[in-house]
Amino acid sequence: MKRMLACILSLMLACGLLAGCQSKPAEESGESKDGTKPAAAAAEEKDGEELPTITFYHHYYQDDAVDAKAMRALFDEFAEMHKDEFIFKPVPVEGDPEAVYNKCIQEIASGSFPDIVETGGWNVVPAASEAGLIMDLKPYIDADPDFKAGVGVNYDQNLVDGKIYTVREQLETMGFWYNEDLFNKAGADTPDKWQTWDDFVAAFDKLKASPDVKTPVSLNQGWPTNIMFMAHLLGTQEGRDFIDTPLTTFDNDAFKGTVDFVAEHALSQIDTAYFGAADSESYRDDFLNGDAAMLFNGVWEASSFVGDGLKIDPAVVKPAVFPTNENGKHAAIMSASCGYVISDKLSDAQKEAAVAFVKYMCSPEVSERIFTEVLAMPAYLGLDYDQYINDESADPVVRKLAEACKQCAQADYQTCAMSSLWGSDVEMEIGGKYAAMHDGSKTADQIVAELDETLN
Amino acid sequence: MLKTGKKKNWRRSLFILAFLLPGMFLFFAIYAYPLVNIFGSSFCEWNYKNLLHPEFLGWNHIFDNFIRLFTKDTHFKTALINSLKWIGLTAVIQVPFSILVALVLSKKRKGWALTRNVFLIPNIISTAAIGLIFLNLYDPANGLITDLVHLVNPDLPLNILAKPGTAFWGVTFSYILFGGTNCLLLMSQISAIPQELYEAARIDGASDFQADRRITLPLLRPMIGTVLVLACNYGLLLYNELFLLTKGGPDGATYSLSLYVYQTSMGSTKLNFALGNAAGVIQVIIGLVLVISINKLLRTNESDL
């Protein structure tokens, strides 16, 4: 009896242990959450012949988000269009783009890479290219003028050692937004009239002095301040040279000038209540509540200026690009960053299919849908924004987005975002110095010396 | 007869082994292997350039990662100092506070059960949720704590988490008073103390305070030691609250060792696993020293009883 009991208990233990080993997630095995197989997988079985299969990991998992739904629809349409040639399996990874990035890093550490991923700006290229796991898209782009037009600034910004490992179909495009009503009340020149950064300073001072304006701008220790920082650096030839030179030191007059300018004319001029921690989103709320006259953020913010709960009149919100130190010239940030990355371990047929997908995502037709449905600026620069601006029957959000995109695309000087240019480590270090720039506790020289230490 | 006995012993050993095996397997897979891995890789170069093949630094440079941590990396130094501060603060604030609450609740005055449950609530909420709650409490525009602090001292910055000086205390306050679990452990120990001791003390004319001082606290020492180990480890491993509140900022002022390990390994584009693991080794050593020291202290105290 005891022996039998011992056997049963041991068996139960073994079963319990095995039960803990989770089976493959439904999405990865090609099944949807309700257990049914997607059309692509069903086609694979129906045809009964071996079709190349590529699995695509992306971060557009949210059920309700407008942009996520639109992006998923584009992926599914591509799968449907090519169901007789190859099996394309889009797999949403739950979590923000970092979850896709983490998946890639885990795979790289085990010597593999997902068939194709979309990392949403998280730069997986340095690690994956060093391991020789991802393919160079440049030969495909060079061979096809339409593809080259579709990738736009990706061609230059994502060119590393003569290779293009990643292409993103939508750009992080940033100028700023302003509340025309508050500018008028303060008697300040609106940004469309600014010729140089001196005009920015003059308007800022008037906004600050106005009893109708709670703060000229609301900032934090990261994103919005980074936008202004990069835009100011872009405003001089020395700054642009510094941007174009591989980063080895921050000991540069243009960089120090930008530290001083941002500290003196923005950070130290705003109350602590309008200076949030690195992840704080209150800078957006302050603008949407009508407290701040300017909002340093991307063109995608156009979709925020609608809705019943909005405390400002959307009609007074206007897009703008930053001035420079050259009379009448403007600067904007247009960042391609890391997007689609394809494994180099795929078969030729799989590679062709993966490249076809990236090409599809950068095509004029899809770019137009990314603009109107995802409400983002596509990498394809051939889009005619005027047709939306002049079309009075068009969605007001799309019109506003078109205005913002057009201004950024036509800016005299453009560069990529701080994180894309110098990496997120440097971005975080610079962001860390904003507190000292706000309270004036450190000089530009001290800040530069501390930043240089982190580069070693 | 002897043979049957040996056979029985063998069967018994096998039976015990069957139960031990899964646990041992899990221990070696989940704890021992990564621990060996962390120690081993801390003597390697292992970053985004060679994720697949960590390279041994060589005998002449074997401690390079550790030297770099202590000589060049300002964030590590801040993280180490902060973690030691949080260990100390937990020991001198959270543990005594938990003892005090446990002593008061053990008197079972009116409403003690409700108070105990309320005190326990923050400990059954995930630390991530606590972090989010405090993020709202510290909100510069609508945060309750921000408003209260500003009422008391208008000179303090409205945004507690935006200044290096105040951010450290903001993070500390988000966890330091939540000693519900400690309190529960201490109360269970208090309830195990024989009532005869208190009755005898009362007959001798001892007040509640004297009874607590002369009977409860000395008999609580072993449990206080356990609570001290748990609480100090929490201080050493602080991560979730930091990740949600400050991510180590501003200017690295609120880095902890755990956050440093994550940022250096996974949060950085350089993916410097070797450096992160070297910091992890130091964290493990601090943890071991902490546990051994407190246990040693505890054993001494036990012999004194």
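## Domains, sheet and chain contact in a predicted model

The C-alpha centres of domain 1 of chain A and domain 2 of chain A lie 31 Å apart. The model is predicted: local features need pLDDT of at least 70 and side-chain atom pairs count only at pLDDT 80 or more, whereas totals for chains, interfaces and linings use all residues. Residues are numbered from 1 along each chain as its sequence is written, and chains are lettered from A and ligands numbered from 1 in the order in which they are written.

Domain 1 of chain A covers 43-167 + 337-378, and domain 2 covers 173-335 + 389-455; these bounds come from an automatic or database domain assignment. Seven residues of domain 1 of chain A are in contact with 14 residues of domain 2 of chain A, contact being defined by C-beta atoms, placed from the backbone, that lie within 7 Å. The side of domain 1 that touches domain 2 in chain A has four nonpolar, three polar and no charged residues. In this scheme Ala, Val, Leu, Ile, Met, Phe, Trp, Tyr, Cys and Pro are nonpolar, Asp, Glu, Lys and Arg are charged, and the others, Gly among them, are polar.

An open sheet of four strands in chain A has the order 9-12-8-13, with mixed pairing. Helices (H or I, at least four residues) and strands (E, at least two) are DSSP runs numbered from the N terminus, and two strands pair if DSSP finds at least two bridges between them. Strand 8 and strand 12 of chain A run antiparallel and are joined by two bridges; the partner of A:Trp177 in strand 12 is A:Leu295.

| Strand of chain A | Residues |
|---|---|
| Strand 8 | 176-179 |
| Strand 12 | 292-295 |

Chain A gives 31 residues to the contact and chain B gives 30 residues. Elements of chain A that give two or more residues to its side include helix 1 (2-19), helix 4 (97-109) and helix 20 (424-439). Helix 20 of chain A has the largest share, six residues. By class, the side of chain A that touches chain B has 15 nonpolar, 11 polar and five charged residues.

In chain B, B:Asp212 is in helix 10 (residues 208-236). B:Asp212 counts as buried because it has 21 C-beta neighbours inside 10 Å; the cut-offs within 10 Å are 20 or more other C-beta atoms for buried, 12 or fewer for exposed, and in between for partly exposed, with C-beta atoms placed from the backbone. Not counting residues up to four places away in sequence, B:Asp212 touches B:Leu103 and B:Leu217.

Key. Contact = placed C-beta atoms within 7 Å.
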